[in-house]
Amino acid sequence: MTDCLDAAMMARALQLAARGHYTTMPNPAVGCVIARGEEVLGEGWHERAGEPHAEIHALRAAGDRGRGATAYVTLEPCSHHGRTPPCAEALIAAGVARVVFGMRDPNPRVAGSGLERIRQAGIAVEGPVLESQAEAFNRGFIKRQQRQLPWVTVKLAMSLDGRTAMASGESQWITGPAARSDVQRLRARSSAIVTGLGTVRHDNPALTVRAAELGLDNAEAIAARQPLRVVVDSHLRIPRDCQLLNDGMPTLVVSAEGGELPGAEVITMDNGDGRVDLKALLERLAQRECNDVLVEAGAELAGAFVAEDLVDELVVYMAPKLLGSAARPLLELPLQSMSAAVDTEIVDIRALGDDWRITARPRAKG
């Protein structure tokens, strides 16, 4: 009974964590439930970086009833002083009798020390419970802590015959409103959006999260936190009148040559061949506390991320249209044999209006 109850309470804590999924960056999304048996005494979730963590909200809701209760938290309680006091100490002070955790914190500043501090205080600690689900919630945070790289998602939109635009570059709109709304939610979950010079030239995008298209109750609050726009432009040929340089919002332009550009921060990352070093770019974004990076680019840049084995996930929106053989391909990947093919695992397929969304992850080589 206890195992089933623990799983049910942790599932509820994960539901709570999801409420902060768009707003906690660069912190992880965390949920917490304070309960005695099947009775829920308090709930909470981390809403924004710098504000109280999930455990604090749940303990405040529970009040004195939390003494002797069980705390279910999706991520190991922190043990260090950051922008907020350590949650491990708050749980100890509240007098909880038991802490059940979803996953250990990959942050080296915590990494088991939060759980150990709670054990030393005589509180029972159990877990992990629903660990894989808890890890999936914070995959970008985990990767950044463990590998100093963000989670990279490449977003693509294509026709039924695998084309992304007409030969002229015309591409609006391949997919319908439901798919475009889903893309807005992808953007909202991202710390940065990476695009290339070709996309800027052809589409002049804003690369912003548009509240009206999110389809979420708290859309305005989510859209208030805009992701960093990043343009890969090896030779600083970006049009000076494009939106990204003139709307007053932060834009990072990454060049192989260096220089200055009004309206943008310019950094230089040469791979030695006159092109931008994409892995070095991702490392720099991780240093800037970017957990999740979304690549919205044309076939050449998207293909380069895939070819350099820098992609964690592909999200492909497929429309029931045929654009023909003269239209532009999905990716520039000059593969010459089946043995060189990129093998992926499809992890999700679902309908979005008249379109389909396919989520795939490249399989590990070897």
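Buried here means under 20% relative accessible area, exposed over 50%, and partly exposed in between, with a 1.4 Å probe and protein chains only. The views show a predicted model, in which local features need pLDDT of at least 70, side-chain atom pairs count only at pLDDT 80 or more, and totals for chains, interfaces and linings use all residues. Residues are numbered from 1 along each chain as its sequence is written, and side-chain values use heavy atoms, with hydrogens and water left out.

**View 1. Strand β8 and the directions of its side chains.** Strand β8 covers residues 192-196, and five of its five residues are buried; helices (H or I, at least four residues) and strands (E, at least two) are DSSP runs, numbered from the N terminus. A192, V194 and G196 point one way from the strand, whereas I193 and T195 point the other way, and all are buried.

**View 2. The strands that pair with β8.** Two strands pair if DSSP finds at least two bridges between them. Strand β9, residues 228-232, pairs with β8 in the parallel sense over five bridges, and within β9 it is V231 that stands opposite T195. Strand β12, residues 292-295, also runs parallel to β8 and is joined to it by three bridges, with V295 of β12 as the bridge partner of V194.

**View 3. A54 in helix α2.** A54 belongs to helix α2, which spans residues 54-62, and because its relative accessibility is 0%, A54 counts as buried. Leaving aside neighbours within four places in sequence, A54 is in contact (heavy atoms within 4.5 Å) with V30, G31, C32, G44, W45 and H46. A29 is 25 residues from A54 in sequence, and their C-alpha atoms are 8.8 Å apart in space.

**View 4. T208 in the loop between α8 and α9.** T208 lies in the loop that links α8 (197-203) and α9 (211-214), and it counts as buried because its relative accessibility is 11%. Not counting residues up to four places away in sequence, T208 touches Q184, R187, Q226, R229 and M249.

**View 5. The whole protein, as the setting for the close-ups.** The protein has 13 helices and 16 strands, and buried residues make up 52% of its 366 residues. Among contacts between residues at least 6 apart in sequence, 69% join residues at least 24 apart. The C-alpha atoms fill a box of roughly 70 × 45 × 45 Å, taken along the principal axes.
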